Amino acid sequence: MKSPIWRWLVAVAAIACASQSPANESKPIGSPADFGYQPIGTDEQGLWAEAAETERTLTNSKMLVRDEKLTAYLRSVLCREVGADRCKAARIYVVRQPFFNASMDANGMLTVFTGALLRIRNEAQLAAILGHEFVHFEARHSLAGFKSARNTASWVSWLTVISIGAGQYQDYRAAFWANHYRFSRDQEREADLRGLRDMGRSGYRTVCASQIWAGLRSEDDATATALGLRSLKDSPKGLFASHPMNAERMLYLADEASKVGVGNDFDGAKEYEAAISHLWPMLIDDQIKLNDFGGSEFLLASLATSGWSAPLLYARGELYRSRGRPIDIQQSTLYYREATGLPDAPSQAWRGLGLSLARSSDRPGAKLAIDEYLKRNPQAGDKPMLLMIAGEAQ
């Protein structure tokens, strides 16, 4: 037997109350980027407190890349993108994670993954990423997202109770959460487009923002091809995707770039390369450890558009040696030899050459290469292992 209608009215009233902010909640005013800004209301204060704890943990993390020169460069790009006054609110951290990601918390903590640095090709693309995250911060997207998630959970819970009480159970979760994730995708589009307009005002080549997503799509293709699979780069991510698809972002950013900052031609490719080239051995080593041969080969080739340098040839040798097939070992030997013949060869190229020759049963060649590496690195951490291999080779 169905309950009287007044009970459902009471339940609806409860839903309305549950979906509202607390009575003492004040609406934030001003910009979080303003000097001396303090969070307003319990929601924003809570997000700031949570972010502050995350920041304290990060500053003590072994994953933090402690490179003051690099951090200063990232700050200079952000300040050019959003303005010298606004960028003061940001504290920038580089985190050693080999994935494409960046984020900015409610309190101004901006984190950039090293995997993003490997995939970015110029300063304009870096500005697009940093500017995008700054829009999230300044527009308080994390606060709006938190409120959306809380309200969605409240509506789903109470409507489920009502439907069960009425004897007509309905599962509202999919519809309500799909709406929440659509809200998240709208925030991403807003951050993309507002960040692009900042690029235009600051003189960067705006089409570079679109090229980020084109590159990620090509990397997806390369990964799938190496595995003998169909690329999923254009496969719909469904109603619960938190970000627009890469193809969509590539297209709307290219369209907006044709209207914003027309005539800007500064991409800062040389400046970007100079700022991060000392990190390439670490970035590439971390990428190779992901065991994504196709994606890694694509990234190395995209870095070598102006020619294969010794560090890149060394990295390519490492990539092929790590896959370990007999033909890969032969190929890695060629790359190591080519690298060691160049003046900017990293000492690790002789180590890799020695290991690949040992795998190929070229014992004299392996000993010569390992001896050369140990001559250049007498305190190498793996010296005992290498001496054993060199001894076996002899």
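1. Two strands count as paired if DSSP finds at least two bridges between them. Helices (H or I, at least four residues) and strands (E, at least two) are DSSP runs, numbered from the N terminus. By that rule, β2 pairs with β3 (residues 109-113): three bridges join them, and they run antiparallel. A102 has V112 of β3 as its bridge partner.

2. This is a predicted model, in which local features need pLDDT of at least 70 and side-chain atom pairs count only at pLDDT 80 or more, while totals for chains, interfaces and linings use all residues. Residues are numbered from 1 along each chain as its sequence is written, and side-chain values use heavy atoms, leaving out hydrogens and water.

3. Confidence next. pLDDT is the predictor's confidence in each residue, from 0 to 100. The protein chain has a mean of 89, and 89% of its residues reach 70 or more. Over residues 16-24 pLDDT stays under 50, and the model has 10 contacts beyond four places in sequence for them. Contact means heavy atoms within 4.5 Å. Where pLDDT is low, the predicted coordinates should not be read in detail.

4. The sheet is open and has three strands, in the order β1-β3-β2, with mixed pairing. β1 (91-95) and β2 (102-104) are at the edges with a single partner strand each, so one side of each lacks a neighbour in the sheet. Neighbouring strands are turned by 15 degrees against each other on average, direction ignored. Axes are lines fitted to C-alpha atoms, for helices over the stretch in contact, and angles run from 0 to 180 degrees between N-to-C directions.

5. Helix α5 (residues 123-138) packs on this sheet and touches β2 and β3. Its direction makes about 30 degrees with that of β2.

6. What does α3 (residues 68-82) do against α5? Their axes come within 9 Å and cross at roughly 70 degrees. The two are therefore roughly perpendicular (65 to 115 degrees; under 35 is roughly parallel, over 145 roughly antiparallel, the rest oblique). Residues making the contact include Y73, L74 and V77 of α3 and L126, L130 and F134 of α5. By class, the contact has nine nonpolar, one polar and three charged residues. Ala, Val, Leu, Ile, Met, Phe, Trp, Tyr, Cys and Pro count as nonpolar, Asp, Glu, Lys and Arg as charged, and the others, Gly among them, as polar.

7. The axes of α5 and α7 (residues 173-202) come within 8 Å and cross at roughly 125 degrees. That makes α5 oblique to α7. Among the residues that meet are H132 and H136 in α5, and D192 and R194 in α7. This contact has five nonpolar, five polar and five charged residues.
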